[in-house]
There are 2 protein chains.
Amino acid sequence: MTPPATKVTPISGFPELLPADRLLELHFLDTIREVFELHGFAPLETRAVEPVERLLGKGGDADKEIYGVSRLAGEETGRDADLGLHFDLTVPFARYVLEHAGRLQFPFRRYQIQKVWRGERPQEGRFREFTQADIDVVDVGELAPHLEAEMPLVVAEAFRRLPVGEFRIQVNNRKVPEGFYLGIGLTDVAGTLRVVDKLAKIGPRKVTEQLVAAGATEEQARLALALADIRSGDLSFVDEVRALGVSHPTLDEGLRALAAVVAAGAEQAPGTLVADLSVARGLDYYTGTVYETQLVGSEEWGSVCSGGRYDSLASDGRTTYPGVGISIGLTRLVHLLVAKRGLTASRSTPAAVLVAVVDEESRARSGRVAATLRGRGVPCEVAPSAARFGKQIRYADRRGIPFVWFPGTDDAGDQVKDIRSGEQVDADAATWTCPAQDLRPAVVTRD
Amino acid sequence: MTPPATKVTPISGFPELLPADRLLELHFLDTIREVFELHGFAPLETRAVEPVERLLGKGGDADKEIYGVSRLAGEETGRDADLGLHFDLTVPFARYVLEHAGRLQFPFRRYQIQKVWRGERPQEGRFREFTQADIDVVDVGELAPHLEAEMPLVVAEAFRRLPVGEFRIQVNNRKVPEGFYLGIGLTDVAGTLRVVDKLAKIGPRKVTEQLVAAGATEEQARLALALADIRSGDLSFVDEVRALGVSHPTLDEGLRALAAVVAAGAEQAPGTLVADLSVARGLDYYTGTVYETQLVGSEEWGSVCSGGRYDSLASDGRTTYPGVGISIGLTRLVHLLVAKRGLTASRSTPAAVLVAVVDEESRARSGRVAATLRGRGVPCEVAPSAARFGKQIRYADRRGIPFVWFPGTDDAGDQVKDIRSGEQVDADAATWTCPAQDLRPAVVTRD
């Protein structure tokens, strides 16, 4: 019945963590969720599958990345064959809003932390199954512009609480390049954006070549590259764009909106937001502000948190629900921090205390100590066997559990030992206080 | 680009919750996770997919329930077609243990809370996509018997903290019916178990008919039914079985193990565990203790938490990793509590406070109040528009947000209003304390 051992192999692109690294990931998940909830985003989960026709056509090249799902038994293949696993959380959220609009309150703020699947070619830091942590706000008909400033500031607050080091959120507004391109006579806005989006990867010479090949003049290509070269942490980017001498109503609109976002960032989280006029985002549903996020010193990892404003994603033909959102690529971020910066958790279990067992006859006594500690919020485990104490201490040590508890006998009271320092003291489970820094696993750097 | 509105429909068997009900579900998830962690279970997540050949043959009729997964793009169909979505968390966990055995510490205690998928015919309370919350302990070669007593006690502790009312965990040991059937000369143990397992559904007369049709004598059928009829919250079940006059070494072994589990339960959680000799569990990988859980008064919902001991699930041909685990059917449990007992959360957002906005010019001032409250752990939201205060209060009321905060002006200080009582008092964001019962959404019964 059991397949041979050779079958037990990783599946490329479907990552799994060891317990200590999963504890690190949970620290990220819990911190992000806490910040999302502090900002009044409601939790939401959507089903993992959507009709394939809803997934197709959303998100650019998504049709090449979708995993189809169907019952192996097959009698219903005809009915089920049109389901696919979602490749992001924005498309399912837009569908959820349309489906439940009558029972939601708008503007509707939600967060969603779930797995998504993409059948892309796996490479380092790119997975086929991964967790995203998203916030979005949607409203009916109109969306207040201050929400476009709020999204990256919520993420900045989460990142400041996480061991990611310095980071930078780059902001642009799709209307800036759109209006600019139209202002210089480049009418294929999407095509031009796609080429300029490759700037960091292929360099300015190749971008110029491709723009010219697509019909641009050398001067148009020069101006498009000059625009993409502008970045500033303050409002000076507006003058820099103006200095290029291009004018178009859409450009004006975009610059105004982008200036508002950058100004709000400068006030509430100085040094965090940077206007970067090269940011375009691949997904074709964005219509206004777009975001990308880099960890300083690890720019080669690419963006670890991206998003933007969309207008036509959720529409039933009569009513449109414009929205803005941002998404943390959690799996990617945590795996890179584990692999490249050596982060992990200080132990491989939530247990802060191992309650030793003197002999099997007194296991119930150890169980009562553990129950008392748990009742006071201290995670603990009772030793699995009544081995000699040296072996029980090694059991704790191998898992990084900092304390071993020795239940007393009729003659002597309980004692607790900090196995890191070796210090052993009298203790009472009903009053002992676990040091705050030991109650939960800490984030540490692997030796 | 946007599909017509008619396409936005639920998919049978793939449930989704509205925000208030999702907040109720999160309360369940958080409580269960907290209890699991207090007991020293390490968090784990496995990938959603396994090779189909690993899923087939595990878990009885699972082959009829598996969802296959393959890339729509198709170039790799040949390689990917052998992946399927997992239908439980035990089979992937066993595979994870085999794959990572060299880097795990045994006995290995883990919890896992994830979605699973089954292509079964959907019906009330049965879903095709649902969340399970599992704990398991595996060891190398041998598994300490006290662990079989521990699993249901951990679940009992979680359930006591949850608004599920009275519940009963039924325990049996596969070896009891196995040894009993062999003792009365019924050698098709699995076949007999399958028929007797239908007792609650089809009644004793039909069970007798089916057993006789399968070759049992009337007397053998009578004895098999008499065994299934035995249940007790104390150790009296042992004498009741003995009184049937059957003896077999496997029966003795099973009775001894079951008595140990029931005795541990009676000591640590009186009234929670019941020996119920009709419990068999469908999955064919169980070899010892098996568990099922009923909510008292809602027995027709079936088991909301099940599990058992398994010996050959994780084996690489040389080493076997026996394990024991129990799984809470979370989606099923929460959906039934919402639908049948009217449970939900007291509000549809985590926000306890809505910070009003006097006018758009002073939005930053409201933002600073919100930042101060958040810094002190109070979830809050800034009003999305500077509408008149009556409208802003209605915004809070419709979401169940209990407090509205009015930022002061140069002349007057801040005030906070409890919109349920109408009481409005002076307040300072740096010192105001949100009543503990309002900080998080509470569990309530729908009107």
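**Entry 1: a term to settle before starting**

I take contact to mean heavy atoms within 4.5 Å, and I note at the outset that the model I am reading is predicted. With that in hand I looked at helix H13 (residues 363-375) of chain A, which lies across E14, E15 and strand E16 (403-406) of chain A and runs at about 175° to E15(A). Helix H14 (residues 389-399) of chain A also packs on the sheet, where it touches E14, E15, E16 and strand E17 (415-418) of chain A, and its direction makes about 145° with that of E16(A).

**Entry 2: the sheet under these helices**

I then asked in what order the strands of this open sheet stand. Reading across, I find five strands of chain A in the order E15-E14-E16-E17-E18, with mixed pairing. Strand E15 (380-382) and strand E18 (424-426) of chain A are the edge strands, each of them pairing on one side only. From one strand to the next, the twist averages 25°. Looking at one pair in detail, I see that strand E14 (residues 353-355) of chain A runs parallel to E15(A) and is joined to it by three bridges, with A:Val353 standing opposite A:Cys380.

**Entry 3: a sheet with strands from both chains**

Next I followed an open sheet of six strands, whose order is E2(A)-E4(A)-E3(A)-E3(B)-E4(B)-E2(B) and whose pairing is antiparallel. Why is one side of each edge strand left without a neighbour in the sheet? Strand E2 (49-51) of chain A and strand E2 (49-51) of chain B stand at the edges, and each has a single partner strand, so one side of each has no neighbour there. Neighbouring strands of this sheet are turned by 45° against each other on average, if direction is ignored. Within the chain A part, strand E3 (residues 67-71) and strand E4 (residues 83-85) pair in the antiparallel sense over two bridges, and A:Val69 has A:Leu83 of E4(A) as its bridge partner.

**Entry 4: a strand that is enclosed**

I turned to strand E6 (residues 129-138) of chain A and asked how many of its residues are buried. Ten of the ten are, so the strand is largely enclosed by the rest of the structure. A:Glu129, A:Thr131, A:Ala133, A:Ile135 and A:Val137 point one way from E6(A), while A:Phe130, A:Gln132, A:Asp134, A:Asp136 and A:Val138 point the other way, and all are buried.

I also wrote down two of its partners. Strand E5 (residues 108-117) of chain A runs antiparallel to E6(A) and is joined to it by ten bridges, A:Lys115 being the bridge partner of A:Thr131.

In chain B, helix H6 (residues 175-183) and helix H7 (residues 189-196) pack at an angle of about 115°, with their axes 10 Å apart. H6(B) and H7(B) are therefore roughly perpendicular to each other, and H6(B) passes H7(B) in a right-handed crossing. B:Pro177, B:Glu178, B:Tyr181 and B:Leu182 of H6(B) meet B:Val189, B:Thr192, B:Leu193 and B:Val196 of H7(B), and I sort the residues of this contact into six nonpolar, one polar and one charged.

**Entry 5: two arginines**

Is A:Arg33 buried or exposed? A:Arg33, which lies in helix H1 (residues 19-38) of chain A, has a relative accessible area of 19% and is buried, because the cut-off for buried is under 20%. Leaving aside neighbours within four places in sequence, A:Arg33 is in contact with A:Tyr111, A:Ile113, B:Leu26 and B:Asp30.

B:Arg309, in strand E11 (residues 305-310) of chain B, is buried with a relative accessible area of 13%. Residues up to four places away in sequence not counted, B:Arg309 touches several others, among them B:Glu148, B:Tyr285, B:Tyr286 and B:Val324.

**Entry 6: chain A as a whole**

Finally I noted that chain A has 15 helices and 19 strands, and that buried residues make up 59% of its 447 residues.

Key
Residues are numbered from 1 along each chain as its sequence is written. Chains are lettered from A and ligands numbered from 1 in the order in which they are written. This is a predicted model: local features need pLDDT of at least 70, side-chain atom pairs count only at pLDDT 80 or more; totals for chains, interfaces and linings use all residues. Side-chain values use heavy atoms; hydrogens and water are left out. Two strands pair if DSSP finds at least two bridges between them. Helices (H or I, at least four residues) and strands (E, at least two) are DSSP runs, numbered from the N terminus. Axes are lines fitted to C-alpha atoms, for helices over the stretch in contact, and angles run from 0 to 180 degrees between N-to-C directions. Buried means under 20% relative accessible area, exposed over 50%, partly exposed in between (1.4 Å probe, protein chains only). Angles under 35 degrees count as roughly parallel, over 145 as roughly antiparallel, 65 to 115 as roughly perpendicular and the rest as oblique. A crossing is left-handed if the near helix is turned anticlockwise from the far one by less than a right angle, and right-handed if clockwise. Ala, Val, Leu, Ile, Met, Phe, Trp, Tyr, Cys and Pro count as nonpolar, Asp, Glu, Lys and Arg as charged, and the others, Gly among them, as polar.
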